[in-house]
Amino acid sequence: MGLATSRQHKDVASPKSLMTISLVTSLTLVAMVLVLAWGRGNHNDAAETEDGRSLQSAAARELLLQTRELEGLAAAAPRNGQWPTLPDARKFTHVFVVDIAKNSAVSGLKEFGQAADYKPFAPLLKGLLAALRDDSRPALRGALADGGVDAASEQATTNVGAYIALENVGYAASIVAIADLGLDAAAARVNGARVVALVGLRRLDSEFLNRIASNAGIGALGVVAQPSGDAGLASAIVEGSGGRAFFEWRADRPGDRLVGQIGTMLVSFAALFAGLLAWRTTTGLVDSESKAKRLAGHDLLSGLPNRLLFTDILEIELEKIEEQGGALALFYIDLDRFKEINDSFGHEAGDRVIVAVARRMQETLRATDTVARFGGDEFAILQPNVKSLYDSEQLARRVLAALREPFDIGDNQVRVGASIGMALGPADARDGEVLMHCADLALYRAKTAGRNRFVVFNQTMVAQHEQRRTTEQELRFAIDNDQLVVYYQPIVSIDGRKLVGVEALVRWNHPVRGMVPPSEFISLAESRGLILPLGEYVLRQACKDARLLGGIRVAVNVSAIQFRHRNFVQTVENMLAETGLDPARLELELTEGVVVDDADEAENAMIDLRAMGVRLALDDFGTGYSSLIYLRRFAFDKIKIDRSFLESVESTGESAIIVHSVVHLGRALGLTVTAEGIETPEQHRFLQALGAHELQGYMFSRPVPVQQIIAICENNYVMPPPIPVYPDDEVKTAAPSPAPLAGAA
Ligand code: C2E
Ligand code: CA
Ligand code: CA
């Protein structure tokens, strides 16, 4: 929430309290934005506005971090009635325990001042405290009403922060309200109130200001009592109930120097301050607030903290653990079907899903948890105060369940789902970066294990990660050293008797592991940038081999990454020229993934390829979200019905209906319809009856070395008799017996 954060437990959060706090926040931010806009108006200098933004962002971040730290202090407070030493990083000038209802200090904190020192600050902080007091969540309200707190109640903290100025001295103020802080009983019960706020004030000294300045990438920053007010210089004042302060810095940009002939170019922009902001006005805030959010380390779309801020918070929590013990859990979350939604329903719909996902996650979490968006469809959660692994597993389950429910986007309902990787600090790692890596490895596992699940990190994943890296290196070597082999699987006429084409399928002849199937290295190749040389190798080999195969078509699988590469069309053209293959005999099998990211680009490439005479097939038809859309838009020659439908054709009526419709649809659009994965005579008969054009499957032949295809071609393309995939007419079970790679025998 920008300068102020408010963290709410879902059971006790109330719209009203949120409103109040966001009002304070928004008003502060609006004030800052207005001042900024004003300054900009005077100067009309883009560079300077940039500076102002960076400054605002850095100042807000600093404040947020300070507030988090104060919160850590509050959480640690009850121990032995002793306040722990404050971390050095953000030195507070004053820390007070304040009675929220009375806006007076119950006590000062040791060396951080006496209760009496609070007095001059009271009017400046009035508004902020009012926001906390108006919090209508049961835990706080009950406590205020009867002076007692249900010991079992959730620790419900709310925090806010603002820059204030007292007698021309600026302060960063953080306030944390505590419902069930087990404070020293005597202190806490003074004046009959058990709800207190911890108020931390830090003077805007040079250390603090330098940190902001260096984060903002601007020159020396100062706080001045009065803006310089020179003619032509911007200055800004935000009046408050007694305080005013100005951030001022020397703009050191060439453009500024030009403009600022007067010498020094001072751009003032001011901050002030919550206490003085009256409860009025509502409209027009949203825009400014969201702007400020982005500036303050938040993701603009979802309003959640971004990666940068999240990392800072993680570091702070880990430091806290280092000093005080305890544990935290870190979750990496990836949405399962986001890309498909984006693609099928448009980016706007995708954005709405992101916003809804963010909201659902927040509703699922506790007040003390932090959820961030890392960009795209990646999120992260930090769960502090973890008592047992079970706590964290429960959280993961809740998040999964929440994201499994459908989302409404316009007239459509979509299902998203998520995969989660989880790691524990300090058990898995003490260092934030390492811990994030652990969670990432766990997420990788969750995704490869079929998504829609959570996986807890364990050290074996590091070894497996190493293994993948080794495999990657070996694969690199394999591509350059002829360890890849291309097999061909026959595509046959609908009666199963004639060879009409082949599909090139790559294998890796590994010196130790033997023939490795593509399922074990294609995705690795894709993620490690090896798919380009690999794909090129297969394409070249297939074009070369094709010349030995009479007049039949040769189909080559093209990975989306490969297809999207800007030289792809050129590569194909070169390959055809190099091998002298008739383009009409080459067929490229594409999947929907090909057009996911840039449909226009894909369309252009497809038009070029077709102009060359190359044929295009849509592979794995029916598995994606939006095949129909693609079919209408893109000029395919062929569709290949995915094997998964064939597998269940006999067992589920639904599959049969889908296959039925797809065949008819394909025919109606004038496309060749190929069914792959034919294993049984029943499947064969079924597709024959539906009117499919071509068949492919183990029943007719597994993928085999090129010599065997040559033999069929030489025999007038007559296929050898079908091989029973399930001998003895045994009832077909879900999957065929794991066959050795065809032709390897
Ligand atoms: P795909 O394009 O769907 O290829 C068909 C896969 O189904 C092949 O597996 C084939 O052996 C298998 N198959 C064919 N008939 C049957 C059947 O009756 N029953 C069963 N259970 N399976 C059958 P393979 O060779 O393991 O290839 C797997 C995937 O790897 C391919 O799926 C394709 O996506 C990818 N792939 C293979 N070669 C290449 C390549 O050169 N480049 C790229 N980018 N991907 C490739
Ligand atoms: Ca294929
Ligand atoms: Ca396929």
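This is a predicted model: local features need pLDDT of at least 70, side-chain atom pairs count only at pLDDT 80 or more; totals for chains, interfaces and linings use all residues.

1. Strand β17, which spans residues 499-510, is mostly covered, with 10 of its 12 residues buried.

2. On one pairing, β17 runs antiparallel to strand β16 (residues 484-493), to which 9 bridges join it; within this pairing, V486 has V506 of β17 as its bridge partner. The two strands form a hairpin with 5 residues between them, and in the turn G496 has a positive phi of about 80°.

3. β17 also pairs in the parallel sense with strand β19 (residues 553-557), over 4 bridges, and here A504 stands opposite V556 of β19.

4. A further antiparallel pairing, over 3 bridges, links β17 to strand β18 (residues 514-516), where W508 has V516 as its bridge partner. β17 and β18 are joined by a hairpin through 3 residues.

5. Which residues of helix α25 (residues 706-714) are buried? They are V706, I709, I710, I712 and C713, and because they cover an arc of only 160° around the axis, they lie on the same side of α25. Q707 and E714, on the other side of the helix, are exposed.

6. As for what the covered side of this helix meets, the buried residues of α25 pack against β16, β17 and α16 (531-546), so that strand β17, itself mostly covered, is among the elements they contact. Just after α25, N716 takes a positive phi of about 65°.

Conventions. Residues are numbered from 1 along each chain as its sequence is written. Chains are lettered from A and ligands numbered from 1 in the order in which they are written. Side-chain values use heavy atoms; hydrogens and water are left out. Buried means under 20% relative accessible area, exposed over 50%, partly exposed in between (1.4 Å probe, protein chains only). Two strands pair if DSSP finds at least two bridges between them. The arc is that of the directions from the helix axis to the C-beta atoms. Contact means heavy atoms within 4.5 Å.
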